[in-house]
Amino acid sequence: MKARTIILTTLVLCAAVSLSFAGEPIKIGAFFALSGPAGHIGTPTKLVAQMVVDKINKEGGINGRPVELVIGDTESDPGKAGVIAKKFIFSDKVAAIVGPTSTGEGMGVKKIVEEAGVPTFMTIGGDVVIMGGQFGPYTYVFKSPQRSSTAAQKLYGYLKAKGLTKVALFTNSDAFGKDGLGWLEKLAPEFGITLVAKESFGPSDTDMTTQLTKIRNAAPQAIVTWTIGPVGSIVAKNKVQLGITTPLFQCHGLPDPTYIELAGKASEGDRMPATKLMIAGALPDSDPQKKVITEFVHLYQDVYKFDKQFPINTHSGYAWDAIMIVANAMKKAGIDPKALRAAIEETKGYVGISGIYNLTPEDHNGLGVDSLVMVQVKDGKFVPAE
């Protein structure tokens, strides 16, 4: 029934625009994990992508041309993502690509889009796609979520301010977790953080009591977990089951009502960095993002009613920001790949859902530490952290 509802919603979105356009559609490839382990993130991301394209087309499209999304399901598989990227480029002849969902998928397509010279705005968490060096060039690759390094800085700054300097790291063994671990290790000395334990778990693990017992024996003042998805809730529940009272801090990928739903009372008090979208109602009127976030929430909840299937989480705005930045660049530079890439790099002061973006040729993300806020779970909801 849920799949049928999503399909019907998609048809409504596609049929919503009845404007007359002067030119042919501009195709943007949009591939996300609509199934597999990351499907709970990729599916609502696709719906948001369609929502923002609907908005762009209702407002006149791009220089008189409508935007058309070419959708693909990566199935949470890097190899599948690569196959779809090639289809977008060589068969569909897209002008740009948005997605995929996970860091592993992103690395699976990075070389392909770089060699083809197609501007690609990823919605993944890991930094490696825009790091260069041993990870390859990132001339045509951008990403809309905050860097892992930025989230680590936000989290460590909070821990330092609270006097929690003896920290245990508990990270996923997947690409996203390894990316986070690298930054947490590298940045620890800068914030006066001492790492007293480092443990890991697999993406499909269902019990982490052995690792958490080792962490408890190391007597940390805080436990920092780096993962996305349901496995993060298992960590929270196992911690409580073991009677561990050390505060738990999750990463910027877990602020999601589903985390609270799955972890239940075990999530109470847990803290993590998040986009401002998670505390939209608490933002002051003076915040430049409030107007944009308020419009997004209205469209998502009141107009398209996506929240009935997928409550808003910290990932919800990533596709919106990626597509809006690409569309704004197209309005200035057209769809020639090199000109479009250069225009994206020149994005300054774009007020988005996830932050205010200022991109450069060296920084293909453009978000700073101030784009994140610390939140905590209180009475079953996310609120500003105390």
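Modeller: Happy to! Please keep in mind that this is a predicted model.

Colleague: Let's start with the helices. What describes the packing of helix α2 against helix α11?

Modeller: Two packed helices are described by the angle between their axes and the distance between the axes. Helix α2 (residues 39–58) and helix α11 (residues 318–333) meet at an angle of about 35°, and their axes are 8 Å apart. The crossing of α2 past α11 is right-handed.

Colleague: Which residues make the contact?

Modeller: From α2 come Thr45, Val48, Ala49, Met51, Val52, Val53, Lys55 and Ile56, and from α11 come Ala319, Trp320, Ile323, Met324 and Ala327. By type, they divide into 11 nonpolar, one polar and one charged.

Colleague: Thr45 is one of those contact residues. How do you know whether Thr45 is buried or exposed?

Modeller: Buried means under 20% relative accessible area. Thr45 has 7%, so Thr45 is buried. Setting aside neighbours within four places in sequence, Thr45 is in contact with Phe32, Thr123 and Ala319.

Colleague: And Lys55, buried or exposed?

Modeller: Lys55, also in helix α2, has a relative accessibility of 14% and therefore counts as buried. Not counting residues up to four places away in sequence, Lys55 touches Glu295 and Trp320.

Colleague: On to the loops. What makes Asn63 stand out in its backbone?

Modeller: Its phi is near 50°, a positive value in a residue other than glycine. Asn63 lies in the loop between α2 and β2 (67–73). Exposed means over 50% relative accessible area, and Asn63 has 56%, so Asn63 is exposed.

Colleague: What about Ser76, buried or exposed?

Modeller: Ser76 has a relative accessibility of 17% and therefore counts as buried. Its place is in the loop between β2 and α3 (78–92). Phi of Ser76 is near 65°, again a positive value in a residue other than glycine.

Colleague: How do you know which form the peptide bond from Gly99 to Pro100 takes?

Modeller: Omega there is near 5°, and the bond is cis. Pro100 sits in the loop between β3 (96–98) and α4 (103–116).

Colleague: Now the aromatic rings. How many aromatic pairs does a search of the whole structure find?

Modeller: The search finds 11.

Colleague: Why is the pair of Tyr156 and Phe191 called tilted?

Modeller: A pair of aromatic rings is described by the distance of the centres and the angle of the planes. To pair, the centres must lie within 6.5 Å, and planes under 30 degrees apart count as stacked, over 60 as edge-to-face and the rest as tilted. For Tyr156 and Phe191 the centres are 5.9 Å apart and the planes are at 55°, so the pair is tilted.

Colleague: And why do you say that this pair ties together parts of the chain?

Modeller: Because Tyr156 lies in helix α5 (residues 148–161) and Phe191 in the loop between α6 (175–187) and β7 (194–201), parts that are 35 residues apart in sequence. Tyr156 and Phe191 are both buried.

Colleague: What about Phe176 and Trp226?

Modeller: That pair is tilted too, at 6.2 Å centre to centre with 35° between the planes. Phe176 in helix α6 and Trp226 in strand β8 (residues 222–226) are 50 residues apart, and the pair links distant parts of the chain. Both residues are buried.

Colleague: Which residues form an aromatic cluster?

Modeller: Phe296, Tyr300, Tyr304, Phe306 and Trp320 form one.

Notes:
Residues are numbered from 1 along each chain as its sequence is written. This is a predicted model: local features need pLDDT of at least 70, side-chain atom pairs count only at pLDDT 80 or more; totals for chains, interfaces and linings use all residues. Side-chain values use heavy atoms; hydrogens and water are left out. Axes are lines fitted to C-alpha atoms, for helices over the stretch in contact, and angles run from 0 to 180 degrees between N-to-C directions. Helices (H or I, at least four residues) and strands (E, at least two) are DSSP runs, numbered from the N terminus. A crossing is left-handed if the near helix is turned anticlockwise from the far one by less than a right angle, and right-handed if clockwise. Contact means heavy atoms within 4.5 Å. Ala, Val, Leu, Ile, Met, Phe, Trp, Tyr, Cys and Pro count as nonpolar, Asp, Glu, Lys and Arg as charged, and the others, Gly among them, as polar. Buried means under 20% relative accessible area, exposed over 50%, partly exposed in between (1.4 Å probe, protein chains only). Rings of Phe, Tyr and Trp (its six-membered ring) pair if their centres lie within 6.5 Å; planes under 30 degrees apart count as stacked, over 60 as edge-to-face and the rest as tilted.
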